[in-house]
Amino acid sequence: QFRRIVEEFDAGETRYYKGANQRIRKITGAMVSLGVDRFFVPGSEVQYDLRWRNVDRVSLSLVPIDLTRDIDTTERKPYQYADGIQIGRTAPVSTWTFETGDEGEHRPGDDKLTIAERPAAGAYMLIAEAKGETSRSLVLVSDVLLSTKGNGNKTLGWLTDLETGAPVAEARIFFWERYYDEEWRTRSVEGVTAADGTPHRS
């Protein structure tokens, strides 16, 4: 249907021409997408969702990151935070490929997969690459929990052990906030947790 429109009409002859071209590119172009919908405790299997179209092989890597150092907060919308995380400071802890079984029929595919090696506690960026397309998703493996509570223009945070609930001291904390004041702005605060788990500015 979309090919018929672009084959039988020129751009100025029908208002559907542009939309048909966009749909053709989307259907026939390469696509890869990652999703991680939870955090994991150390020693557990890390699961992720992989979606693709028009690719027969996807290259994946798991790269360690430091969330107190590697986040670029400038000119980022909150839902784009993963794109602003800098990678490349450290080598991947794991790399592998996934064969999609794509048969060239332009059909989308998806699968729920598991990383073979169980990563140690830390923050990671999971990266998928195929035919020039890239997708990334944050992977958190942790036995601590950072809780926050807002009160007016103030935010209280505290860090606790995930299993016992005991406060965790001497941990680096990084708060990032995006707010509107005539225009969108960002601000961040860094600190170290005290004996009660609450952060103090460093």
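**A patch on the surface, and what lies beyond**

Author: Gladly! Five residues, Phe39, Val41, Leu140, Leu145 and Leu162, make up a nonpolar surface patch with about 360 Å² of accessible area together. This is a predicted model, in which local features need pLDDT of at least 70 and side-chain atom pairs count only at pLDDT 80 or more, while totals for chains, interfaces and linings use all residues. Residues are numbered from 1 along each chain as its sequence is written, and side-chain values use heavy atoms, leaving out hydrogens and water.

Accessible areas come from the Shrake-Rupley method with a 1.4 Å probe, and for residues only the protein chains shown count as cover. Patches consist of residues with over 30% relative accessible area and no salt bridge, joined within 9 Å for like charges and within 5 Å for nonpolar side chains (Val, Leu, Ile, Met, Phe, Trp, Tyr). A salt bridge is a side-chain nitrogen of Lys or Arg within 4 Å of a carboxyl oxygen of Asp or Glu.

Let us pick one member of the patch. Leu162 sits in the loop between β9 (154-161) and β10 (172-180); strands (E, at least two residues) and helices (H or I, at least four) are DSSP runs numbered from the N terminus. With a relative accessible area of 31%, Leu162 is partly exposed: buried means under 20%, exposed over 50%, and partly exposed in between (1.4 Å probe, protein chains only).

Most residues other than glycine have a negative phi. Asn54, with phi near 60 degrees, lies in the loop between β2 (47-53) and β3 (57-65) and is buried at 9% relative accessibility. Lys131, with phi near 50 degrees, lies in the loop between β6 (122-130) and β7 (133-141) and is exposed at 62%.

Now for the inside. A nonpolar core is a set of buried Ala, Val, Leu, Ile, Met, Phe, Trp, Tyr and Cys residues joined through side-chain atoms within 4.5 Å. The largest has 21 residues, and Tyr48, Leu50, Val58, Leu126 and Val139 have the most contacts inside it. Two or more residues each come from β1 (31-35), β2, β3, β6 and β7, and β6 gives the most, with four. Apart from this core lies another, of nine residues, including Val63, Ala82, Ala123 and Ile127.

Contact means heavy atoms within 4.5 Å. Leaving aside neighbours within four places in sequence, the partners of Val58 include Val32, Leu50, Trp96, Phe98 and Ala128. Ser94, in strand β4 (residues 94-99), is buried at 12% relative accessible area. Beyond four places in sequence, Ser94 is in contact with Leu60, Ser61, Leu62 and Glu117.

Stepping back, the protein has two helices and 12 strands, and 30% of its 202 residues count as buried. Its accessible surface comes to about 13,300 Å², of which 45% belongs to carbon and sulfur atoms.
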